[in-house]
Amino acid sequence: MNDKYLTVSVVTQYLKHKFDTDEHLRAVFIKGEISNFKYHTSGHLYFSIKDENSKINAVMFSTNARKLNFKPNDGTKVLVMGRISIYEATGNYQIYVEEMLEDGVGNLYVAYEKLKEQLSKEGLFAQEHKLKIPKMPKRIGVITAPTGAAIKDIISTIQRRFPICEVLLFPSLVQGENAASDIVQNIKKAENYDLDLLIIGRGGGSIEDLWPFNEEIVARAIYDTNIPTISAVGHEIDFTIADFVADLRAPTPTGAAEMAVPSIQDIIRHLEQLKIRTNENIYKKINYNQLVLETIKNSFVLKNPLILYENKKQKIDMYNEKINNILKYKFQDSKNHFTSILNKLELLNPISILKRGYSITYLNDKVITDTKKIKEKDILKIKLHQGTLEAEVKKITEE
Amino acid sequence: MEELKFEQKIDLLEKIVNELEKDDVNLDESIEKYTKAMSLIKECDLELKTIEEKIAKIVKSDGTLENFVEKN
């Protein structure tokens, strides 16, 4: 009954045989673009080759990889030659690349670099256009796929760190043709929900998977929205245009959630610290003031109030003596001055000259000092030191 | 005065504590600031203790909200 059922291995072996015996598959020439490139430590290269519609897994063993004359990377446009067979362990068919040549630069990378340069020139990445990320958002919008690790990681991280924050998920396509416009619509929609912060992103994937986040309309919508935005696209190493234009770039969705909200434990610790600092400070200040008061209370003056009086008294005595001295000198000065004036007056007094034997001669009550003013027979009055006499002029001698 | 948000309270608290730690604040001012700081700490403490855990919501295409349930 069960005989008609084949084991998985047998089916796979059969298919592998079909592939291996098909001469068209022994040497296939393919042109396409590398994505999901992985360089294994063994030296083997694992990647996919793809165009707009299809993708083929590829492996290039180290013996062949050593002959490469360029460094393959995601987005590199290549020409490959190899055989196509089935890898039994996974049942996947793949091309075992024997030769690989670079075919110009991948179109996607050209588009990426071109858009990046253009938007940069326009100032969309400029620091002055970045909005401030709130420290404690109350309501966060998340634009991502409703399934998958990204949304789970974001919600669980936010709820663990800051459970008072509400998360609103705007389910969105995050890969494929319609993803970009879906993301844009959700950004516009999010503006009606009174959000403090917006997280836009998705988990890791190939460059093609992440491509919507390199689309110009997404970049412009992020730039235009007035909600602070954190981008969280793929892994640490993936840089998309959305990352450059967002207000903050997170390496991963979990990283975005960590940047978006503080840890409530940290806040509690911080508050505790502030409490300690406040208390320490006020006690320090009170103690200091007490010390100052104590020092003042113990000061010499307050302990010996008489000293205040004694000081003053001493001062008064000092001034008293000073004043006395000044008065004394002043008096002496005046006295000396007076005596000298008296002496001067004495010298000038004509009476004192008469004392020494001089006399004053008057004619008609006028003092005569010149013989020309008199003539013989004039009656002169002569004043001596003691008394006055009258005399008649007998002879005048001119000198 | 409008009720401050938690974040603003923490900011204000930090400002007050920093001021309090400056040496040129006199005792009267210090006590005033201390009282204010302590009452803010009390308010924040209380807010943290009475936290209401929020449930994540999904915004449906018609714009209404629904509790988000993880699908595996």
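**Exercise 1.** In this predicted model, determine how the axes of helix 10 of chain A and helix 1 of chain B are oriented to each other.

*Solution.* Step 1: the axes of helix 10 (residues 264-297) of chain A and helix 1 (residues 6-20) of chain B come within 10 Å and cross at roughly 30°. Step 2: angles under 35 degrees count as roughly parallel. Step 3: the two helices, helix 10 of chain A and helix 1 of chain B, are therefore roughly parallel. Step 4: the crossing of helix 10 of chain A past helix 1 of chain B is left-handed.

**Exercise 2.** Identify residues that make this contact and describe its composition by class.

*Solution.* Step 1: helix 10 of chain A contributes residues including Ile267(A), Leu271(A), Leu274(A) and Lys285(A). Step 2: among the partners from helix 1 of chain B are Phe6(B), Ile10(B), Leu13(B) and Glu14(B). Step 3: the contact residues comprise 8 nonpolar, 4 polar and 3 charged.

**Exercise 3.** Characterise the largest pocket by its volume and lining.

*Solution.* Step 1: the largest pocket holds about 540 Å³ of space. Step 2: its lining has 19 residues, with Lys50(A), Asp51(A), Glu52(A), Leu108(A) and Glu208(A) nearest the centre. Step 3: strand 1 of chain A gives the most to this lining, with 3 residues. Step 4: by class, the lining has 4 nonpolar, 4 polar and 11 charged residues.

**Exercise 4.** Describe the second largest pocket in the corresponding terms.

*Solution.* Step 1: about 440 Å³ of space lies in the second largest pocket. Step 2: 18 residues line this pocket, and Asp74(A), Tyr109(A), Ile207(A), Ile237(A) and Asp238(A) lie nearest its centre. Step 3: the lining of the second largest pocket divides into 8 nonpolar, 7 polar and 3 charged residues.

Notes: Residues are numbered from 1 along each chain as its sequence is written. Chains are lettered from A and ligands numbered from 1 in the order in which they are written. This is a predicted model: local features need pLDDT of at least 70, side-chain atom pairs count only at pLDDT 80 or more; totals for chains, interfaces and linings use all residues. Side-chain values use heavy atoms; hydrogens and water are left out. Axes are lines fitted to C-alpha atoms, for helices over the stretch in contact, and angles run from 0 to 180 degrees between N-to-C directions. Helices (H or I, at least four residues) and strands (E, at least two) are DSSP runs, numbered from the N terminus. Angles under 35 degrees count as roughly parallel, over 145 as roughly antiparallel, 65 to 115 as roughly perpendicular and the rest as oblique. A crossing is left-handed if the near helix is turned anticlockwise from the far one by less than a right angle, and right-handed if clockwise. Contact means heavy atoms within 4.5 Å. Ala, Val, Leu, Ile, Met, Phe, Trp, Tyr, Cys and Pro count as nonpolar, Asp, Glu, Lys and Arg as charged, and the others, Gly among them, as polar. On a 1 Å grid over the protein atoms alone, a cavity is a set of points where a 1.4 Å probe fits but cannot get out, and a pocket is an open set with protein on both sides within 12 Å along at least five of seven lines; lining residues have an atom within 4 Å of a point. Grid points are joined across faces, edges and corners, and a volume is the space filled by probe spheres set on the points.
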